[in-house]
Amino acid sequence: MLEIKDVKLVRDNRVILNNLTASFDRGQVYAVLGNNGVGKSTLSYVLMGLESHKDYTGQLLLNGDPIDALSVFERAVKGITLGWQEPARFTGLTVKEYLTLGGKRKIPKEELAEILSIVGLNEDYLQRFVDDTLSGGERKRIELASIMIINPEVIVLDEPDSGIDIMSMEMIETVLHRLKGKGSIVIIITHREEIAVMADEAYLLCAGRMLASGKPEEIVEFYRKLCDKCQHINEPVSKGGLQK
Ligand SMILES: Nc1ncnc2c1ncn2[C@@H]1O[C@H](COP(=O)(O)OP(=O)(O)OP(=O)(O)O)[C@@H](O)[C@H]1O
Ligand SMILES: [Mg+2]
């Protein structure tokens with residue numbers, strides 16, 4: 001179980017994460033739904049423990065143990081993984097080297113081909129380089145493939161569909177089901193309703209706070225009604241808002 005307790009992060013005198021509290025169980029897919037600028041990516045960086053985001057207050061617990069003091073590397077060793085909103089480029093590294101950690105991970109070619117086929121790519125991609133010669137959507141697919149291979153304990157996917165065409169929503173759903181089936185905690189960060197409804201549970205993030213949690217359809221309904229018209233940018237909602 002992953003728990004976020006009263007996490008607060010301030011930038012330029014602005015409260016970006018505002019006493020944010022949430023918890024996530026294994027073998028479940030969660031959506032964190034919220035508009036642009038509400039703190040979604042910031043939350044993912046805090047969970048990963050990026051050096052630039054270690055100055056938060058509050059607590060993060062993985063299976064009951066605090067992880068706040070752990071570096072990004074130590075958190076990665078514990079199985080916390082981030083799929084970046086904008087996936088990284090690795091100049092000079094082939095897709096095969098990337099997926100097998102430069103050959104350190106022994107993975108049969110058939111398994112690599114199967115994982116690639118799930119994300120809609122063929123074996124020819126193994127020889128391609130993980131740099132700008134791949135399109136943004138292709139890099140995103142390769143990143144999803146690598147997450148399926150690592151099979152981490154906690155997976156945070158920041159806008160898993162960014163750069164991926166609407167026709168491939170089914171592919172994302174297949175990836176989520178596979179990760180869930182392996183017992184991971186899957187957290188999808190999104191502003192898209194179509195993605196949020198793929199989850200088992202959803203949180204609504206607004207102005208750095210989790211305003212509500214519940215079934216994705218219910219949270220999407222709140223989002224559609226209230227967030228679309230919402231004028232406040234990183235200001236707390238009025239009292240008696242959506243807090244359940
Ligand atoms: N280092 C920083 N200095 C100042 N403001 C920052 C910093 N990092 C993030 N912010 C602000 O914090 C807010 C949340 O940013 P964040 O990237 O987490 O939003 P988001 O919910 O991921 O948005 P999007 O849907 O556009 O990806 C934004 O208003 C952003 O401008
Ligand atoms: Mg973001």
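Me: Hi! Strand E1 (residues 2-11) and strand E4 (residues 57-62): over how many bridges do they pair, and in what sense?

Reply: Hi! E1 and E4 pair over 5 bridges, in the antiparallel sense. Two strands count as paired if DSSP finds at least two bridges between them. The strands and helices themselves are DSSP runs numbered from the N terminus, with at least four residues (H or I) for a helix and at least two (E) for a strand.

Me: What should I know about the model and its numbering?

Reply: This is a predicted model, in which local features need pLDDT of at least 70 and side-chain atom pairs count only at pLDDT 80 or more, while totals for chains, interfaces and linings use all residues. Residues are numbered from 1 along each chain as its sequence is written, and chains are lettered from A and ligands numbered from 1 in the order in which they are written.

Me: Back to E4, then. Which residue there is the bridge partner of isoleucine 4?

Reply: Leucine 60 is the partner of isoleucine 4. Leucine 2 also has a residue opposite in E4, namely leucine 62.

Me: What is the order of strands in that sheet?

Reply: The order is E2-E1-E4-E5, making an open sheet of 4 strands with antiparallel pairing. Strand E2 (14-24) and strand E5 (65-66) are at the edges with a single partner strand each, so one side of each has no neighbour in the sheet.

Me: How many residues lie between E4 and E5?

Reply: E4 and E5 form a hairpin with 2 residues between them, and asparagine 63 in the turn has a positive phi of about 50 degrees. The two strands pair over 2 bridges in the antiparallel sense, with leucine 61 opposite proline 66 in E5.

Me: New topic, the ligand. How many residues surround ligand 1?

Reply: The shell around ligand 1 has 14 residues, and the closest are Arg11, Asn36, Lys40, Ser41 and Thr42. The cut-off is a C-beta atom, placed from the backbone, within 6 Å of the molecule. Helix H1 (residues 40-48) gives the most, with 3 residues.

Me: How does that shell split by class?

Reply: There are 9 polar, 3 charged and 2 nonpolar residues. Here Ala, Val, Leu, Ile, Met, Phe, Trp, Tyr, Cys and Pro are nonpolar, Asp, Glu, Lys and Arg are charged, and the others, Gly among them, are polar.

Me: At what angle do helices H4 and H5 pack?

Reply: H4 (residues 109-118) and H5 (residues 136-150) pack at about 130 degrees, with their axes 9 Å apart. Axes are lines fitted to C-alpha atoms, for helices over the stretch in contact, and angles run from 0 to 180 degrees between N-to-C directions.

Me: Which residues make the contact?

Reply: Ile115, Leu116 and Ile118 of H4 meet Ala145, Met148 and Ile149 of H5. Contact requires C-beta atoms, placed from the backbone, to lie within 7 Å. By class, that contact has 6 nonpolar, no polar and no charged residues.

Me: And the other sheet, what is its strand order?

Reply: The order is E6-E7-E8-E3-E9-E10, an open sheet of 6 strands with mixed pairing. Strand E6 (80-83) and strand E10 (209-214) are the edge strands, each pairing on one side only.

Key:
Contact = placed C-beta atoms within 7 Å.
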